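Please read this briefing alongside the sequence and the 3D structure.

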Amino acid sequence: MSNKIRLIVFLALYTTISVAQSVTPTKKADVFFNEPEIAHKVDSLLSIMTIDEKIGQTVLFTSGWDVTGPTVRDNVMEEIRSGRCGNIFNRHTVAATTKLQEIAVNETRLGIPLLFGYDVIHGHRTIFPISLGESASWDLEAIEEGARVAAREASASGLHWTFAPMVDISRDPRWGRISESAGEDPYLGSLIGAARVRGFQGDNLKDVTTVMACVKHFAAYGASQAGRDYHTVDMSERVLRETYLPPYKAALDAGAASVMTSFNEIDGVPASASTHLYTDILRKEWGFNGFVVTDYLAVNELIPHGVAKDKYQAAKLSINAGIDMDMEGGAFMENLKKLIENGEVTEEKLDEAAGYILAMKFRLGLFEDPFRYSNTKREKKEILSKENKEAAYQMAKKSFVLLKNDNQVLPLKKNQKIAVIGQLANSKRDMLGSWKATGSPKEAGTILKAITKKNGKKNTTFAKGYTFKPLDFDHYDNSGFEQAIKNAKDADVILLVAGEHWSWTGEATSRTNIHLPQIQKDLFQELAKLDKPMVVLMMNGRPIAIGDEVDASDAMLEIWYPGTEGGRAVADVIFGEYNPSGKLPATFPRNVGQIPIYHSMKNTGRPYTPGVSKGKYHSKYLFTKNTPLFQFGFGLSYTTFEYSDIKVSSNKVSANDNVTVSVTVKNTGDYDGAEVVQLYLQDVIGSVTRPVRELKGFKKTFIKKGKSATVEFTLSKDDLSFFRQDMSWGTEPGDFNVFVGGDSDAELKVSFELE
Ligand code: BGC
């Protein structure tokens, strides 16, 4: 098509609403975000598209700039030029995206712009703490701001779409992707998922500083058996709905524009072929109006899953289940036309899929100006801006969780002799964790550098102690012990940085043990023998079993992978310029045998209460306690908080009443500090068994030393509701216990009766 004709098509389709409105409205007018204007435009466009062009819109290929899965094709330019590929991921920067956009706009018949996606998970170039770390802040505003910064940078780099938030509930630390999640709890996970969507998308997708969110991985990917990635998921509909679905729903309610499928099967059906998930729940029950993309090669993987014999069948199952876009595998591209010709997929189905995608391109304003994200000046200004780094720094401080602080070893006084030990203390790459998008290790400050800056060169020594080999857990070379021990002997304080190599976390990094490598365990014990104060910083992407190491240290701070600005954040906390306030978003088990272990477990018919339960026949282990190493919600502060005076608005309430619970929290220590005040609810008797307690509220509250605050929570009918025995959602009369405190073991209790 000549440029002139293309222009005429553009004008006819995209300019005047009156033209658009003259097109007969279809059902899509309801579905495309109740935006009739967009629905009309989509309809108009579809009416002039060939089947091949429509199929092209359902295709997403990687450009090969980043490797996030097996690469199966190499000539994306040609695929774009031929109109066979309407969407690209793993390519960024204004220069690179503009080049591809020019091909799509100038060299294809209709000039439909490309959509550019990328995994911007915890920052684009300015890297924030890993998602599990951010979640430990329990600070929804800061989390939203983190996503906002990521969106600003990503969109300034020519991107329209991020494959985030990942909201998979995970209760299995063997699963490496727990690091990408918000942890174990559906309530916390829902609020965090929604905050991230708001941060990425802002109020208006047309705003060029925002990106479309993609809620992933639908559904229940975090429950893979034995924590092995991509493994089978099998659970009751009740557990699915009670625990796993709420965060996806919350993120969609916050307006998320797209959803990604998960690799796993549920109840015998691979998610990427699940009509139950995509048509029944997502579209019909929840009224989702955005588009659904598969995960990487997930359509092709229906073959090894054993539900399709070839890509033809796989594509058929997938699109008919309600999936709109095929990531990387080419199954839609190669088979949809034949499927339509053979009557196995309807053209309406293809229109629907392509329509959902085109609607987003309209919403992003790409048809008005396909190059609106191609602004090199903005790119230069936005990337790693002072403001962005400041936000990452603030977030990092908030993400740290103080796990132990005997005798108030922390905060350290400056200008003591500090022996910094551990390869992780001097590693830039590890600071960024997995899924670091375009983050560059060069731009990350190390812990060693930041500590040395504050404590002075002459008072700070460094020894590697242990060394890592990226994918070798058993690598054992203790030649660094001698220097480390020597430095430690000469120092007043040992500052050991231990944990996991970043490459042991994230996708395809499942572990069958969750302890530290032997080399680190041995170093811990050697250093502990010196009888010097030992402060430990833990860098890890999953809850780990570190009971021996906790015992061997005087203080321990969980810092996850803290991001580009993590080094200075650590130094601030170590030297008391910032009082840590993070709380664990996932339970830390004592050992791998306790998994799954989470705070909202059921009581069982034979519960075990230490010191009370007598005899053998209880739900417990022989040689390990039932309790975890660190419970969900746990985290210390340099100060102490005392809880008292818990009150409920009424001891008898009816189903439509709100219940108000208040508590007094006093800062009884020597530092100002923030406390995450947490509320847990127990529904004592139900038609089905109820968890021992569920998180139903939290408030991060800053309290000056010596001062008190009254913290108030409101429980609504929804908070008291659950899926009753007949699977209807609602309340049942009876007694409720409310516990308020600083973690999931909170003891301060008040009760009320629901009439
Ligand atoms: C991951 C997704 C990711 C996609 C694209 C997959 O392997 O499971 O989370 O968004 O790759 O990079």
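The points below cover the surroundings of the ligand and then the cysteines.

This is a predicted model, in which local features need pLDDT of at least 70, side-chain atom pairs count only at pLDDT 80 or more, and totals for chains, interfaces and linings use all residues. Residues are numbered from 1 along each chain as its sequence is written, and side-chain values use heavy atoms, with hydrogens and water left out.

**Ligand site**

- The ligand is surrounded by 14 residues (each with a heavy atom within 4 Å of it), and the closest are Thr68, Asp119, Arg177, His217 and Asp295.
- This shell consists of seven nonpolar, two polar and five charged residues, where Asp, Glu, Lys and Arg count as charged, Ala, Val, Leu, Ile, Met, Phe, Trp, Tyr, Cys and Pro as nonpolar, and the others, Gly among them, as polar.
- A polar side-chain atom of Arg177 lies 2.7 Å from a ligand oxygen atom, and a polar side-chain atom of His217 likewise lies 2.7 Å from an oxygen atom of the ligand.
- In the side chain of Glu507, an N or O atom is 2.8 Å from an oxygen atom of the ligand.
- Of the 310 Å² of accessible area that the ligand has on its own, the protein covers 100% (Shrake-Rupley method, 1.4 Å probe).

**Cysteines**

- Zero disulfides are found in a search of the whole structure, a disulfide being a pair of cysteine sulfur atoms within 2.5 Å.

How values were computed
Polar contact = N/O pair within 3.5 Å; in protein donor to acceptor, adjacent residues only side chain to side chain.
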